[in-house]
Amino acid sequence: MARTHNLGFPRIGARRELKFALERHWQGAIAAAGLEALGGELRKQSWQRQAGLDLVAVGDFSLYDHVLDTSFLIGNVPARARVGDGAPLDAYFRIARGRAATETAGVAAGEMTKWFDTNYHYIVPELSADAQFQLDAARLVAQVREARALGVGVKPVVIGPVTYLHLGKVKDDSDKLALLPRLVPVYRELLAVLAAEGVAWVQLDEPVLVTELDARWQTALGDAYDALAGAGPELLLAT
């Protein structure tokens, strides 16, 4: 039987509500809770518009950048983001936008570059030989539960492990592809968490497949998905 779905849905809002709310939050006019509430309302509107689909994308919404979201999902967050106190979103926006120096040292924003050949810009993952990954799926799981409460069919969407590493930039002379055996188990853990939530399908985005990959990266794709097979829900591989 055929199933209907799409690969994702615009997140900014019909009247660019997210853009304006972000600007007000950065100006101090909206607290983090207010920004999160607006995000929840935009997700609700998007899911309701897609209610006729068999599977609706969850995890395609982002307050700033879906690549940065993935860095937080897999625990690849620069140490400089986790300094001081503040709301949970503070660490996220420290990397997204940086933090000007006050009484203490400032925080440099993550590097930004174009997403493949588009005008969308993403925050480049920072990698090194000693990079460690640790799953933090709380935000994605919360959105799965939000969508399910609205009665829509749920399909989480996550950037795949090979594309994530390919998009990243090493801060030393190491080989970022060597990190794949460390990263894939985190994805297996994520799939198990989603399976426990009753998720039947997960979309893994690997747009790196549309590029000219050398033999090592082609082999890495095969190895990664061999390792992910049977880890939980059915996988929908998207380019």
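Which helix gives the most to the lining of the second largest pocket? It is helix 1 (residues 17-26), with five residues; helices (H or I, at least four residues) and strands (E, at least two) are DSSP runs numbered from the N terminus.

This is a predicted model, in which local features need pLDDT of at least 70 and side-chain atom pairs count only at pLDDT 80 or more, while totals for chains, interfaces and linings use all residues. Residues are numbered from 1 along each chain as its sequence is written, and side-chain values use heavy atoms, with hydrogens and water left out.

To stay with the second pocket, 14 residues line it, and Arg11, Ile12, Leu18, Leu22 and Tyr64 lie nearest its centre. A pocket here is an open set of points on a 1 Å grid over the protein atoms alone, where a 1.4 Å probe fits, with protein on both sides within 12 Å along at least five of seven lines; lining residues have an atom within 4 Å of a point.

The largest pocket is lined by 36 residues, with Gly59, Phe61, Ser62, His66 and Asp69 nearest its centre. Helix 3 supplies the largest share of that lining, five residues.

Turning to the sheet, four strands form an open sheet in the order 1-5-7-8, with parallel pairing; two strands pair if DSSP finds at least two bridges between them. Its edge strands are strand 1 (56-58) and strand 8 (234-238). Strand 7 (residues 201-205) pairs with strand 8 over five bridges, and valine 202 has leucine 235 as its bridge partner in strand 8.
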